[in-house]
Amino acid sequence: MPFTVHTTRIAAPADTVHALVADVTVWPLMFEPNIHTEYVAGGTRSEGRERIRIWAFTGREIRSWTSERVLDPHARTVTFRQEHPAPPLTSMSGRWLVKDIGDGQTLLELHHEFETASDEHFVLHALHQNSPAELAGVRIAAERPRTPYTFEDSLRIVAPPAAVYDFLREADRWPERLPHVAALDLTEDTPGIQRLRMDTRGPDGTVHHSESVRVCRPETGSIVFKHTRTPTVLIAHTGAWHLRELDDGSTLATSRHHVLLADHKARETVRETLGRTARATLRRAKEHAENGTR
């Protein structure tokens, strides 16, 4: 069975490193290839067993899979196994090993074992690309810890969630619907996974370019996203649109952002800039959905 082992040395306590590996909610901000990760039903987290779903780059492709994990904080290990590997994989498993090597130093190992029906080279290439990036993400997060800055804006819309969701999902129509969107190119090779290249016009007329990936999930009333190209003031930027139906049939639409700041002094500027465009989008979504239901 083919296998790979990747390692990195980290100037941080072993327990700190293991905690970062264990908490998948921080992975999209910490791991460059990771777009979105969430816990799913079927695991018993209190007993160290859990199930997670991951959306991530595999080479140039974006793939999604569900894994079972077993966490052992005493041995400082996390083992994992993909439930239904996507072709060409027929099996994929592995483990994170966190080793205290003394003097406040930690050795982090990432092991993978897999089998394929074909194209073993593709899998090896993806592992040799993603694993070092993930190890580097843990190392940076452990050695230079930063607290994510999270904020949100919400608006009540007198329309069902489906009407609001359609507006948010149809980002290719934003240039004609949103004054602050100067241009937008959307590709959706896999249903529900969108890649966006967008030019946004600021209040002073300056145009800012951004690139992002979105995972559209109508069954949960959400669209999660990660910016793959960020301004220098941001180290990482993820977020989501969440829609919740209220008792009267209206919708509470929420825009949420999670950012890692390169400079804490830019916090208020980032909050105002991202919040302004989010609020403008929510207002236009409200107009569109409410007019469309009359």
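Two strands are taken to pair if DSSP finds at least two bridges between them. Helices (H or I, at least four residues) and strands (E, at least two) are DSSP runs, numbered from the N terminus. The model is predicted, so that local features need pLDDT of at least 70 and side-chain atom pairs count only at pLDDT 80 or more, whereas totals for chains, interfaces and linings use all residues. Residues are numbered from 1 along each chain as its sequence is written, and side-chain values use heavy atoms, with hydrogens and water left out.

In the pairing of strand S13 (residues 234–245) with strand S14 (residues 251–261), 11 bridges join the two, which run antiparallel. Within this pair, Gly239 stands opposite His257 in S14. Both strands belong to an open sheet of 7 strands, ordered S8-S14-S13-S12-S11-S10-S9 with antiparallel pairing. Its edges are formed by strand S8 (149–157) and strand S9 (181–190), each of which pairs on one side only. On average, and with direction ignored, neighbouring strands of this sheet are turned by 20° against each other; axes are lines fitted to C-alpha atoms, for helices over the stretch in contact, and angles run from 0 to 180 degrees between N-to-C directions.

Two helices accompany this sheet. Helix H4 (residues 161–169) lies across S8, S9, strand S10 (193–201), strand S11 (207–217), strand S12 (222–229), S13 and S14, and runs at about 150° to S13. Helix H6 (residues 267–292) packs on the sheet, where it touches S8, S10, S13 and S14, and its direction makes about 20° with that of S8. Contact here means heavy atoms within 4.5 Å. Helix H6 contains Thr281, which is buried, with a relative accessible area of 3%. Buried denotes under 20% relative accessible area, exposed over 50%, and partly exposed the range in between (1.4 Å probe, protein chains only). Neighbours within four places in sequence aside, Thr281 is in contact with Phe167, Leu168, Trp174, Leu178, His180 and Trp241.

Strand S3 has partners on two sides. Strand S2 (residues 34–40) pairs with S3 in the antiparallel sense over 6 bridges, and Val40 stands opposite Arg51 in S3. S3 is also joined to S4 by 10 bridges, again antiparallel, with Phe57 opposite Ile62 in S4. The hairpin of S3 and S4 has 2 residues between the strands, and Gly59 takes a positive phi near 70° there. S3 is mostly covered, 7 of its 10 residues being buried.

A nonpolar core is a set of buried Ala, Val, Leu, Ile, Met, Phe, Trp, Tyr and Cys residues joined through side-chain atoms within 4.5 Å. The largest has 25 residues, and those with the most contacts inside it are Ile10, Val17, Trp27, Trp96, Leu108 and Val138. At least two residues of this core come from each of helix H1 (14–22), H2, strand S3 (49–58), strand S4 (61–72), strand S5 (77–82), strand S6 (89–102), strand S7 (105–116) and helix H3 (120–143). H1 gives the most, with 5 residues. Apart from this core lies another of 22 residues, including Ile157, Leu196, Ala253 and Leu282.

Trp27 is placed in helix H2 (residues 27–30) and counts as buried at 6% relative accessibility. Residues up to four places away in sequence not counted, Trp27 touches Leu20, Val21, Asn34, Thr37, Ile52, Ile54 and Arg69. A polar atom of the Trp27 side chain lies 3.5 Å from the backbone oxygen of Val21.

Methods. Polar contact = N/O pair within 3.5 Å; in protein donor to acceptor, adjacent residues only side chain to side chain.
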